[in-house]
Structures are given as C-alpha cells and as structure tokens.
Amino acid sequence: MENDYVGPLPRIIAVLIDGLLVTLILNISLLRPNMFPGVIDPRTLIITVSFIIYEALMVFYMGTTIGKRILRIAVVDHKTHGRPTIRQCFLRPWAKLFFGIGIISNTFVSFMAILFTGLNFYKLTTDTQHRAIHDVIGGTVAVKAGRQ
C-alpha cells in the first residue's frame with residue numbers, strides 16, 4: 001500500500017491550484033477597496049472561510065478537490081481507507097490553515113505560521129505515508145485516486 005500514498009510535490013501543487021481557484025473567484029466577486037483601512041480586510045476572512053467550506057464539502061462529497069482531481073489525488077480515512085466523515089473533512093482545512101498560513105498581519109502570528117509550515121512540510125516529507133499534520137489531526141491520508 002506504500003506506493004499508493006501521494007508525495008509532497010503533487011499535494012502542494014493541488015493546494016496551490018485550489019487556493020488560486022477560490023481566491024480568484026472570490027476576488028472577482030468582491031472587487032472593491034477595503035472598507036476598514038488599518039483592520040484586517042474582511043475579504044480575507046471571506047476567502048478563508050470559503051476555502052474551508054470548499055475543501056471540506058468537496059472532499060466529503062467527491063473524495064477530492066479540483067486541484068487534487070487534476071493531480072489524481074483522493075483523500076480517505078486513514079484507518080479504513082474509505083470515505084472520510086464530515087468532521088474529518090472540516091478538521092483538515094482548519095488544521096491546514098492553522099499549521100500553514102499566517103492570515104493576520106502580526107509578527108508573532110506570521111512567525112508561528114512560518115514555523116508551523118516548516119514543521120508541516122517536514123512531517124509531510126519524512127512520514128512513510130506522507131501524512132501532513134492536517135492529515136493526522138483529521139485522521140486522513142492522501143492516496144492516488146482509484147486506489148482507495
């Protein structure tokens with residue numbers, strides 16, 4: 001089964017594709033200046049929440065996202081290799097954002113985001129199943145589509 005696990009590069013590319021899609025769609029629909037200068041742009045919050053909902057529902061209903069589908073990646077339950085639960089599907093993107101992206105423009109938060117990104121990448125590259133921290137938290141694993 002080890003050959004069925006998806007390595008770091010395709011997974012990173014899939015996340016970039018999905019993030020780009022969500023951001024582009026929402027930026028096109030939200031093209032207006034920040035209404036609250038000096039405060040976090042509310043569009044950032046909308047994009048973040050939309051990304052969480054997009055990824056969770058796509059993985060729950062389809063077992064993959066658009067980016068993962070392009071790269072032939074499926075997300076499955078780590079123990080059963082079956083369909084993940086809705087809870088698992090929502091835990092993954094929450095953990096992915098927490099352990100990978102500094103949204104708030106704060107030096108400490110940005111430092112922690114960089115630190116967590118490094119730890120997450122280390123875990124992803126050194127784990128025999130290429131499970132990132134968000135996979136461990138969500139109880140999932142990424143496999144080659146059609147192999148689950």
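Q: I'm looking at the model above. What is the relative accessible area of lysine 123?

A: Buried means under 20% relative accessible area, exposed means over 50%, and partly exposed is in between (1.4 Å probe, protein chains only). Lysine 123 has 24%, so it is partly exposed. Before we go on: this is a predicted model, where local features need pLDDT of at least 70 and side-chain atom pairs count only at pLDDT 80 or more, while totals for chains, interfaces and linings use all residues. Residues are numbered from 1 along each chain as its sequence is written, and side-chain values use heavy atoms, with hydrogens and water left out.

Q: Which residue does lysine 123 form a salt bridge with?

A: A salt bridge is a side-chain nitrogen of Lys or Arg within 4 Å of a carboxyl oxygen of Asp or Glu. Here the partner of lysine 123 is aspartate 127, with the closest N and O atoms 2.5 Å apart. Aspartate 127 counts as buried, at 17% relative accessibility. To find aspartate 127, look in the loop between helix 5 (107-126) and helix 6; helices are DSSP runs of H or I, at least four residues, numbered from the N terminus.

Q: How many salt bridges does a search of the whole structure find?

A: Five. One of them pairs glutamate 55 with lysine 68, the closest N and O atoms being 4.0 Å apart. Glutamate 55 sits in helix 2 and lysine 68 in helix 3, so this pair ties together parts that are 13 residues apart in sequence. Both of these residues are buried.

Q: Where do arginine 92 and aspartate 135 lie?

A: Start with the pair itself: their side chains meet in a salt bridge at 3.0 Å, N to O. Arginine 92 belongs to helix 4 (residues 86-98) and aspartate 135 to helix 6 (residues 133-138), so the bridge ties together parts 43 residues apart in sequence. Arginine 92 is buried, and aspartate 135 is too.

Q: Now for a loop residue. Is threonine 65 buried or exposed?

A: Buried: its relative accessible area is 0%. You'll find threonine 65 in the loop between helix 2 (42-62) and helix 3 (66-70).

Q: Which residues is threonine 65 in contact with, leaving aside its neighbours within four places in sequence?

A: Contact means heavy atoms within 4.5 Å. For threonine 65 the list is Asp18, Tyr54, Glu55, Met58 and Val59. Take aspartate 18: it is 47 residues from threonine 65 in sequence, yet the C-alpha atoms are 7.2 Å apart in space.

Q: What does the side chain of threonine 65 make with the side chain of aspartate 18?

A: A polar contact, at 2.4 Å. That term covers a pair of N or O atoms within 3.5 Å; within protein, one must be able to donate a hydrogen and the other to accept it, and residues adjacent in sequence count only if both atoms are side-chain atoms. The threonine 65 side chain also reaches the backbone nitrogen of lysine 68, at 3.2 Å.

Q: Which residues make the nonpolar surface patch?

A: Patch residues have over 30% relative accessible area and no salt bridge; like charges are joined within 9 Å, and nonpolar side chains (Val, Leu, Ile, Met, Phe, Trp, Tyr) within 5 Å. Here Leu45, Val49, Ile53, Leu57, Tyr61, Met62 and Ile86 make a patch of about 650 Å², with areas from the Shrake-Rupley method with a 1.4 Å probe. Helix 2 gives the most, with six residues. Leucine 45 is in helix 2, and it counts as exposed at 56% relative accessibility.

Key. Helix = DSSP H or I, 4+ residues; strand = E, 2+ residues; numbered from the N terminus.
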